[in-house]
Amino acid sequence: MKILKSIADVRTFGKVAAGSVGFVPTMGALHQGHLSLVERSRNETDLTIVSIYVNPTQFNNQNDLANYPDTLTLDLQMLEAAGVSAVFMPTYELLYPDNFAYEVDEKQFSRELCGANRPGHFTGVLTVVMKLLNIVKPQKAYFGEKDFQQLSLVKGMVEAFFLETEIIGCPIIREDDGLAMSSRNLNLTSCDRGKSPLFNKLLSNAMLSDEEIQTRLDLAGFEVDYVVTKDGRRFGAVVMGDDAGPVRLIDNVEVVS
Ligand code: AMP
């Protein structure tokens with residue numbers, strides 16, 4: 001497995017290695033959710049490139065960025081074992097030579113759900129994804145439905161800017177108790193980890209309205225950002241933990257009517 005650190009490294013790797021390229025962008029602290037994307041890419045393309053980069057421009061809370069888990073040594077072992085061809089590990093200086101003077105902004109859906117209380121979050125996401133797609137130039141790129149709004153905005157961006165990569169959405173991988181796997185789960189206290197499956201359980205309860213779910217989550221001690229049903233899906237975001245170590249969890253489920 002090659003470690004790629006410069007744009008020239010990535011471009012040379014792409015040129016020398018024959019065949020189609022599948023790309024899986026991540027922020028590291030990898031788990032089975034990430035590996036499911038890698039496996040899909042391995043099945044559908046000749047070479048899989050994974051990026052590991054904790055993108056500061058998508059964090060609107062500095063505590064969240066500072067506390068973001070980092071398990072790089074383990075990540076690299078997992079990716080090597082999963083048969084990844086190369087890992088791209090850029091720096092801020094490499095990705096943002098303009099110091100974020102240029103950005104990709106979507107003006108509608110990015111202002112809803114996770115974007116309503118996290119101004120600029122999706123602008124940071126779309127900008128870094130645009131940069132990564134332009135550097136790697138993959139035939140296919142894989143994104144998880146856990147971040148359904150992100151997946152939908154990335155698909156929209158690719159269409160709007162006529163990018164040549166096909167964006168593939170992959171199902172949510174969950175723990176046995178229903179909690180969606182997430183790097184941030186590593187930061188849950190054992191008490192909050194014990195409570196956390198209630199989030200998915202309530203979101204999946206078709207008998208309850210969004211408001212009823214919100215009330216039950218409040219009563220159970222979750223700080224609710226939103227519970228919203230839209231286009232046949234119920235989306236939710238909550239924060240657990242305290243101000244020193246807040247842990248944001250998001251999830252979504254299909255609504256069966
Ligand atoms: P992240 O490292 O959290 O930015 O995630 C990198 C990619 O993995 C994104 O496309 C996520 O949607 C996807 N992902 C994260 N968690 C899961 C999960 N539990 N199931 C499926 N995909 C996931």
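Asp64 has a relative accessibility of 10% and therefore counts as buried, a term that denotes under 20% relative accessible area, with exposed meaning over 50% and partly exposed in between (1.4 Å probe, protein chains only). The structure is a predicted model, in which local features need pLDDT of at least 70 and side-chain atom pairs count only at pLDDT 80 or more, while totals for chains, interfaces and linings use all residues. Residues are numbered from 1 along each chain as its sequence is written, and side-chain values use heavy atoms, with hydrogens and water left out.

Asp64 and Arg184 form a salt bridge with an N to O distance of 3.0 Å, the term requiring a side-chain nitrogen of Lys or Arg within 4 Å of a carboxyl oxygen of Asp or Glu. This pair links distant parts of the chain, 120 residues apart: Asp64 belongs to helix α3 (residues 62–66), and Arg184 to the loop between β6 (166–170) and α8 (190–195). Helices (H or I, at least four residues) and strands (E, at least two) are DSSP runs numbered from the N terminus. Arg184, at 15% relative accessibility, is likewise buried.

A salt bridge also joins Arg174 and Asp251, at 2.9 Å from N to O. Here Arg174 lies in the loop between β6 and α8 and Asp251 in strand β9 (residues 247–254), 77 residues apart. Asp251 is buried at a relative accessible area of 3%, whereas Arg174 is partly exposed at 26% relative accessibility.

Salt bridges with shared partners connect Arg40, Glu44 and Lys140 in one network. The count of salt bridges comes to 12.
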